[in-house]
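Q: Could we go through this structure together before I set anything up? I'd like to take it piece by piece.

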Amino acid sequence: MSNIVRAGLVQQKWTGDKESMIANAVEHIRAAASQGAQVVCLQELFYGPYFCQVQDADFYSYTEGIPDGPTTELMCQVAEQNGVVLVVPMYEQEQPGVYFNTAAVIDADGTYLGKYRKNHIPQVKGFWEKFYFKPGNLGYPTFDTAVGRIGVYICYERHFPEGWRALGLAGAKIVFNPSATSRSLSEYLWKLEQPAAAVANEYFVGAINRVGVEPLGDNEFYGQTYFVNPRGQLVGDAASDTEEEVVVRDLDMDLLTEVRDVWAFYRDRRPDTYDRLVQP
């Protein structure tokens, strides 16, 4: 029998306010579930604009507690109502003045499973993230869900191979990379890095991006959300580079065993030679 996970990715435009972004996301989750999706991931900081284009403390108001904030509580209900695993990226307040770029993971029965906090924080023009986020302090957790073990890596982190590998070593079968990435800086890398990570680590990757030009800057977010398999091949087409879209694809989990038997990258690792990789 085939071992298929039907997975969904939600690519959104900024609607103008937090409440309508959340409502729009819930509508897209329901649309994905109606197509049979069993797991759905939203884009980075999904309910806001990508405010890191500017440095403005007013955007600290977008923070919420996780899991005790209203959006996590709502998404737990949405997950249960639709029978889908959800990956929900949000702006987290741990305590006043301590904020993280975080993704909550919720199982298909509405159970909150835990969270991933973005570890690698950029500080370059148009991506002033160190102004808003403390580096993550939870490592690289994986989550045992109704669709199997999954992991999360966030946007800029796709440039760092170490976290990809940590998630693979922890048994992730699908890794989601919710992003807010713009056309002028990294579009060509978008088509290279995540397929390369899927090949090197022998799992599926879901790469999610937003679309459109937002009022805080001239960065054009180029969409092109996609799934890639452990052979580095796209699963179906990538999404539009200009419009909202819900991407739903069938991921054949049996391919993981096939690829690992052929290439055996995990067998041939040499961690005994890697000491210098973790030296400051």
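Q: Where does UniProt place the "domain: CN hydrolase" feature?
A: The UniProt record, an unreviewed entry, puts that feature at residues 5–253. Please keep in mind that what you are looking at is a predicted model.

Q: Let's look at Gln11 then. Where is it, and is it buried or exposed?
A: Gln11 is found in strand β1, which covers residues 4–11, and Gln11 counts as buried because its relative accessible area is 0%.

Q: What does the side chain of Gln11 reach in the backbone?
A: A polar atom of the Gln11 side chain lies 3.3 Å from the backbone nitrogen of Gln224, and the side chain of Gln11 also reaches the backbone oxygen of Glu243 at 2.8 Å.

Q: And which residues does Gln11 touch, leaving out those up to four places away in sequence?
A: Among them are Gln43, Asn209, Val211, Gly223 and Thr225, and the list also includes Ala239, Ser240, Glu244 and Glu245, together with the Gln224 and Glu243 already mentioned.

Q: Switching to charges: how many salt bridges does the structure hold?
A: The structure holds 17 salt bridges. One of them pairs Glu92 with Lys115, where the closest N and O atoms are 2.7 Å apart. That pair links distant parts of the chain, since Glu92 sits in strand β3 (residues 85–95) and Lys115 in strand β5 (residues 112–117), 23 residues apart.

Q: Are Glu92 and Lys115 buried or exposed?
A: Glu92 is buried, and Lys115 is buried as well.

Q: What about Glu129, which partner does it have?
A: Glu129 forms a salt bridge with Lys118, with the closest N and O atoms 2.8 Å apart. Here Glu129 lies in the loop between β7 (127–128) and β8 (142–145), while Lys118 lies in the loop between β5 and β6 (123–124), so the pair links distant parts of the chain that are 11 residues apart. Both Glu129 and Lys118 are buried.

Q: And how does the bridge of Asp272 with Arg270 look?
A: The closest N and O atoms of Asp272 and Arg270 are 2.6 Å apart. Asp272 counts as exposed because its relative accessibility is 52%, whereas Arg270, with a relative accessible area of 43%, is partly exposed.

Q: Now helix α5: which of its residues are buried, and what covers them?
A: In α5, residues 193–201, the buried residues are Glu193, Gln194, Pro195, Ala197, Ala198 and Asn201. What covers them includes α3 (161–169), β10 (174–178), α4 (183–190), β11 (204–208), β14 (226–228) and α6. Just after α5, Glu202 takes a positive phi of about 60°.

Q: Last topic, the surface: which residues make the nonpolar patch?
A: Tyr274, Leu277 and Val278 make a nonpolar surface patch of about 330 Å². Val278 lies in the segment after α6 (254–263), and Leu277 is placed in the segment after α6 too.

Q: Why do Val278 and Leu277 count as exposed?
A: Val278 counts as exposed because its relative accessible area is 72%, and Leu277 does so because its relative accessibility is 62%, the cut-off for exposed being over 50%.

Definitions and conventions: Residues numbered from 1 in each chain as written. Predicted model: local features only at pLDDT ≥ 70, side-chain atom pairs only at ≥ 80, totals over all residues. Heavy atoms only, no water. UniProt positions renumbered as here; feature names shortened; annotations may be inferred. Patch = residues over 30% accessible without salt bridge, like charges linked within 9 Å, V, L, I, M, F, W, Y side chains within 5 Å. Areas by Shrake-Rupley, 256 points an atom, 1.4 Å probe, with all protein chains shown as cover. Salt bridge = Lys/Arg side-chain N within 4 Å of Asp/Glu carboxyl O. Helix = DSSP H or I, 4+ residues; strand = E, 2+ residues; numbered from the N terminus. Buried < 20%, exposed > 50% of the residue type's maximum accessible area, 1.4 Å probe, protein only. Polar contact = N/O pair within 3.5 Å; in protein donor to acceptor, adjacent residues only side chain to side chain. Contact = heavy atoms within 4.5 Å.
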